[in-house]
Amino acid sequence: MSPRRTFGAVAVLALCCALVVPAVAFGLEAPTSGELVNEPKRFDGVRIEFEGEAIGEVMHRGADAWLHLNDDAYMLKNVEEGAPLGGFNSGMPVWVPGELADRIEVFGDYKHQGDVVRIEGVFNAACAEHGGDMDIHADSLEVLAQGRDALDPIRPWKGVTAVVLAVMAGVLWYADRRTRLRELRGLLRR
Amino acid sequence: MILRPRREDHLVIGKYTGKVIVGVGLLMVVPLLTSVLFAEWDTVVDFVISMSACFIFGFGAQYLCRTDKDLAWSHGLVVASGSWIWATILGALPHWLSSHEGSYLDAMFDVMSGYTTTGLYLLQDLDHISNGLNMWRHLLTYAGGQGIVVIALTFLFKGTSGAYKVYVGEGKDERLLPNVVNTARAIWLVSLAYLAVGTLALFGVALWLGQEPVRAFLHAAWVFMGAWSTGGFAPQSFNTMWYHSFAYEIVTIVIMIAGSFNFALHWAVWTGRRSEIVRNLETVSFAITLTLTTMLATFWLARAGVYPDAMALGRKVFYQLASGHTTTGFSTIFSKAFVTQWGTIGLLAVTLAMGIGASACSTAGGIKGIRVGVIFKSLIGDVRKAIAPESAVVRQHYHHIRTQWLDDGLVKTALTITVLYLVMYLVSGLLGVLYGYEFTAALFEGVSAGSNTGLSCGVTDPSMPAVMKLSYIVFMWLGRLEFMSVFALLGYGISIVRGR
C-alpha cells in the first residue's frame, strides 16, 4: 500500500472512531437521520448527538442560525471524487447559536466537501418554535474534520467524445443548410 | 381497415420530430453557459456531448426526411408524443454523464419527470451536483411546463397550419390568439414575465433569510421554475424545507397556484377581465376541492396531535395540500413523514388532491378541475331533470372564459379522460402492491407520478424495481399528454406492422 493510501485509510479510521466513541462513552443516543424520520415519536424531545457533513450554507437568523447536516453515504467523499452511489442524501436541519455555526468554514456543494461536525441537542419531531419543522436544537458543536476542495477533472474519453460529436453535428448542420438553400434557389429560379 | 403509413408520413413525422429535438439541444445552451460561468469544466463537456447528440439527431432527421408535405392531425399527435420520447432519451445524457445516476433508466426517469413537471427523482447526492446540472433540471421542468413543443413552435416552426396539430397533441388546445405560433409566444410572454417577478420576489426573501447573493439568486430562479411549472424540483435534497421560512412558503404558494391556472385564464386577466378568476369553473372547482381536502387532513392531523399548535398545523397542512393539488410537489416535511406522521387519512387526503390536480392547458397535471366541475354540473343537471316536469327542458351551462352550454359530447369526453386517469391511478397502486409496498403508500406514489405531482412518501428510490421505474415513466408521460397523443403513437406503431 502506498504511503498516501495508508494515510488516507488511517484518516478515515480515525474519523470513524471520532464519530462513534463519544456517543458510546457519554451515553447519549446517536440516531441517524433515517432513524429520526422513521421513528419521530421515539426521539421527540430527547437530547441526542448527531454527526454529519455541513452542506450548502449557514443561514443566520438573529442570534441563531440554520445548518443542514447530512449523515449519508457522501459525508466523507462525494460522487465527483469517486464515491460509489449510496442512495439519496439524508440529513437533519439544525438550529444552533450563531457563534457556534460560524466555526464551520467549508460547506458541501459541487466544488467542496463540507466540514464534518458533531452537534448535541434536543430533537423535535414537530418544532413549536419553527412552524412544525422536524429539527434539532443544538447547544454544542464540534468540527471533527475540516472540509476541502472537491476536484472533478475532465475525463479524457469525455473530451474526445465531445470533439468528435461536435464536429459531426457541425457537418450535419452545414449539409442540412446547404440542401435547404439549394432548394430555395431552385424555387426562386422557377 | 388500418392504413399503413406511407413514406411521406414517415418523412413528415421525422422532419418535425427533428425540429423539436434541435429545440432541446438549443435549450442546453443555458446550463452550458451556467457551467462556464462557475468554471464547472467537467459539466461543460457533458453539455457539449449532449447538445451535439441532439443536433446530430435533429439536423440528421431534417436532412434525411426532406418533404414539403404539411402535418395532418395524426402526424401532429405522433410528433408530440414521439418527440417526448426522443427528448427524454437525449435529454438524459447530462444526468447520466454526471455519474449521479444509478443507470440510464434512472437518468431517463428524472428527465421525463422534469419535462412532465412531475418532480420525482432518482438522482443521487443531489446536494453535491454542479450548478449547470441543477440549472438543467429546473430548466427541463420550466420548459416542460410550457410544453417542449411550444418551445419549438415559438422558435423553429415557420408555418402555422401544421403547428396547431402538434400543439394540441401536447395536451393544450386553448388558442389565446388566432394564430397558434402567436399563442405559443403569448404563453412564453406570460411565463417570462412571471419568471422575472417571481425570481425577484424569492431573491429578496432569500437575502433576508441569510443566503449569500449568488446562491440566493440561483435558488430563487430554480425554486421559481419549480413552482411556476408545478414541477417541484428544488436545488437541495431538503426541498423547500431548506429555507425554514413562512415568507418563502407564502411566495412559493402564490407562484404554484398561479402556475396551476389555465393559460387562457392568465391571458383573460392580463387583457383586463379580472372577474374571470372568481367566475371560471376551474378556479371555483379548485377552491372547493382544495378546501375540502385541506379540512380532511387538518381534522385528521389535529386528532392525531402531530403538530404542537394550530399555526404549525395549518402551515404544514395547507402547504402540502396546496403543493399536492396544484401538482407541484414541493414539500416542507420529509418524504417518510407522510407515512410516519400523517398516517392513512393524511396520505389519502393528499392522494385525492393530487389525483384531481389543477387546470387544463396549464403546467399542472391530474384529472383537472374543469373535468371535475363539468361532471359535477352534469350530475346536478341530471338530478334537476329527474325532479322537473316531463315537459320541462333543463339545460346546464358553465363559465370558462365565456359562458358555454354543457352538452353531452363534452360530458362524455370529460368522463372518458377521468376514467382513464382513475384506471391509471389504480394500476399504479396495484403495481406497487405487487412489489411489496403498502397499498396506501403505493397509491400515493402512483397517483403522484400519474398526476405529475412529485410528492413522495418514500417509495420512489434508486433501489426501486426497474419495472416500477419504467411504469412511472409511462404514467408521467400518459398523464402529461392526457392519453390521446400516446394512443395515437401506439396506433401509428400498429399501423406500420398491421396496416395495408
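Because the model is predicted, local features need pLDDT of at least 70 and side-chain atom pairs count only at pLDDT 80 or more, whereas totals for chains, interfaces and linings use all residues.

**Whole model**

The model scores ipTM 0.89 and pTM 0.90.

**Chain A, overall**

Select chain A. Its secondary structure comes to five helices and eight strands; helices (H or I, at least four residues) and strands (E, at least two) are DSSP runs, numbered from the N terminus. Along the sequence the pattern reads α-α-α-β-β-β-β-α-β-β-β-β-α. Of the 190 residues of chain A, 39% count as buried. A residue is buried if 20 or more other C-beta atoms lie within 10 Å of its own, exposed if 12 or fewer, and partly exposed in between, with C-beta atoms placed from the backbone. Among contacts in chain A between residues at least 6 apart in sequence, 62% join residues at least 24 apart; two residues are in contact if their C-beta atoms, placed from the backbone, lie within 7 Å.

Now colour residues 28-149 and 154-190 separately. These are domain 1 and domain 2 of chain A, with bounds that come from an automatic or database domain assignment. The centres of the two domains, taken over C-alpha atoms, are 50 Å apart.

**Strand E3 of chain A**

Select residues 64-70 of chain A, which form strand E3. Six of the seven residues of E3(A) are buried. What does E3(A) pair with? Two strands pair if DSSP finds at least two bridges between them, and the partners of E3(A) include the following:

- Strand E1 (residues 47-54) of chain A pairs with E3(A) in the antiparallel sense over two bridges. Show Glu53(A), whose bridge partner in E3(A) is Asn70(A).
- E2(A) runs antiparallel to E3(A) and is joined to it by three bridges. Arg61(A) has Asp64(A) as its bridge partner in E3(A). The hairpin of E2(A) and E3(A) has two residues between the strands, and Gly62(A) takes a positive phi near 70° there.
- Strand E4 (residues 91-97) of chain A pairs with E3(A) over seven bridges, again in the antiparallel sense. Leu69(A) stands opposite Met92(A) in E4(A).

**The contact between the chains**

Show both chains. The contact takes 47 residues from chain A and 55 residues from chain B. On the side of chain A that touches chain B, helix H2 (33-38), strand E2 (59-61), strand E3 (64-70) and helix H5 (156-189) each supply at least two residues. H5(A) gives the most, with 13 residues. By class, this side of chain A has 24 nonpolar, 15 polar and eight charged residues. Here Ala, Val, Leu, Ile, Met, Phe, Trp, Tyr, Cys and Pro count as nonpolar, Asp, Glu, Lys and Arg as charged, and the others, Gly among them, as polar.

**Helix H2 of chain B**

Select residues 29-37 of chain B. In this helix, H2(B), Pro31(B), Leu32(B), Thr34(B) and Ser35(B) are buried. Seen down the helix axis, the buried residues fall within an arc of 160°, so they line one face of H2(B); the arc is that of the directions from the helix axis to the C-beta atoms. They pack against helix H3 (41-64) and helix H7 (131-146) of chain B. The face turned away from the buried side of H2(B) carries the exposed residues Val29(B) and Leu37(B). Just after H2(B), Ala39(B) takes a positive phi of about 55°.

**Loops of chain B**

Most residues other than glycine have a negative phi. Thr230(B) lies in the loop between helix H11 (213-228) and helix H12 (246-259) of chain B. Is Thr230(B) buried or exposed? Thr230(B) counts as buried because it has 35 C-beta neighbours inside 10 Å.

Ser229(B) is in the loop between H11 and H12 of chain B and, with 33 C-beta neighbours inside 10 Å, counts as buried. Not counting residues up to four places away in sequence, Ser229(B) touches residues including Thr117(B), Thr141(B), Tyr142(B) and Thr363(B).

Finish at Ile401(B), in the loop between strand E1 (397-400) and strand E2 (402-405) of chain B. Its phi is near 70°, a positive value in a residue other than glycine. Ile401(B) has 18 C-beta neighbours inside 10 Å, so it counts as partly exposed.

Note on methods
Residues numbered from 1 in each chain as written. Chains lettered and ligands numbered in written order.
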